[in-house]
Amino acid sequence: MLPRWSRVINHLSKLGSVRVNNIGDIGKDAIFTSRQSFSKAALAAVAPNDSTGKGLPSKSLVNLDNLFWSKPCSLALALDSPLRIEEPKYEGIRYFMLKLLLFYSKQSKSLRGANVVYRRIIAQVDKPTIYEVFNLERTFKMTFSLLVLHMWLCLRRLKQEGKEGTEFGQYLYEIYNHDVELRVSKAGVNLLLTKWMKELEKIFYGNIVAYDTAMLPEAKPDELQKVLWRNIFSDDGKAEPDDSALRAVKAMTRYVRREVSCFSLTDKEAMFSGNFMFTSLDSVPSGSERR
């Protein structure tokens, strides 16, 4: 029997290009890390501004060994940053009417904030830079895997805010799930849409559990590296990366650990409003030096 991921990919590969969206209790039996080949089955995930869908160079454009050694810092945007998105401020009758319509309710504010957070995630995953830096081919499997990884980074930080963070994470997941459903539907999956969404949901939860497990204090030092290899890099069933791939996997492991530390330094207001940015990969120089 083919693994769930292979069945989903084999089905979607017959359709047009697509870009893949209850956070509750997740059992250990949900862990899923694919080892199957995606090189032929995975379809190209073309970003809105990238109509070519071409693969990337076989070699990374940067010195991977020198990346992501810098000291972690908060990801929150400065108060004067043009990238900030502020809550609209109305006065008079307009404010009164919007208040009656629950525009300023806690739920409405959380939904607006979750939308901004999701846009931050998509912005990081859709940029060609992340594929170039880590020497990744832009396929459906790769884009979906990166999306899940960055969703996990945000959800992990939100859980630190207790019940309020968990509720906010639920809104974020619902936005993500709705986006995935729309994109899969556009690809032509209509009759069996519910089935394939359930399969993608299982993959999502499995990856989330695998990442959480790899970050536990008792986890082996190389556990996260192994999980990233299986979930993102491996497309030919190899249990271990070869020398050429190992540098990229180690670089992404440092990137993920650094983002986790950066998020721990990012304040609650920035997380709930979406006024933060993932570490920019656009400015990574080819001759960057280790600090």
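At what angle do the axes of helix H8 (residues 223-233) and helix H9 (residues 243-264) cross, and within what distance do they come? The axes cross at roughly 110° and come within 9 Å; they are lines fitted to C-alpha atoms, for helices over the stretch in contact, and angles run from 0 to 180 degrees between N-to-C directions. H8 is therefore roughly perpendicular to H9, given that angles under 35 degrees count as roughly parallel, over 145 as roughly antiparallel, 65 to 115 as roughly perpendicular and the rest as oblique.

This is a predicted model, in which local features need pLDDT of at least 70 and side-chain atom pairs count only at pLDDT 80 or more, while totals for chains, interfaces and linings use all residues. Residues are numbered from 1 along each chain as its sequence is written, and side-chain values use heavy atoms, with hydrogens and water left out.

The chain has 10 helices and 0 strands, where helices (H or I, at least four residues) and strands (E, at least two) are DSSP runs numbered from the N terminus. Of the 291 residues in the chain, 47% are buried; buried means under 20% relative accessible area, exposed over 50%, and partly exposed in between (1.4 Å probe, protein chains only).

H8 passes H9 in a right-handed crossing; a crossing is right-handed if the near helix is turned clockwise from the far one by less than a right angle, and left-handed if anticlockwise. On the H8 side, Leu224, Gln225, Leu228, Trp229, Ile232 and Phe233 take part, and their partners in H9 include Ala245, Val249, Met252 and Val256, with contact meaning heavy atoms within 4.5 Å. By class, this contact has 11 nonpolar, 2 polar and 2 charged residues. Here Ala, Val, Leu, Ile, Met, Phe, Trp, Tyr, Cys and Pro count as nonpolar, Asp, Glu, Lys and Arg as charged, and the others, Gly among them, as polar.

Helix H5 (residues 140-159) packs against helix H7 (residues 193-214) at about 55°, with the axes 10 Å apart. The two are therefore oblique to each other, and their crossing is right-handed. Phe144, Met151 and Trp152 are among the H5 residues of the contact, and Phe204 and Tyr211 among those of H7. The contact comprises 11 nonpolar, 1 polar and 3 charged residues.

H3 and H6 pack at an angle of about 60°, and their axes are 9 Å apart. That makes H3 oblique to H6. H3 also passes H6 in a right-handed crossing. This contact divides into 10 nonpolar, 4 polar and 4 charged residues.

In soluble globular proteins, nonpolar side chains tend to be buried together. A nonpolar core is a set of buried Ala, Val, Leu, Ile, Met, Phe, Trp, Tyr and Cys residues joined through side-chain atoms within 4.5 Å. The largest one here has 68 residues, and those with the most contacts inside it are Phe134, Met151, Leu172, Tyr176, Ile232, Met252 and Val256. H5 gives the largest share, 12 residues.

Two loop residues remain. Most residues other than glycine have a negative phi. Phe68, in the loop between helix H1 (4-12) and helix H2 (92-100), has a positive phi of about 65° and is buried at 13% relative accessible area. Asn135, in the loop between H4 and H5, has a phi near 55° and is partly exposed at 27%.
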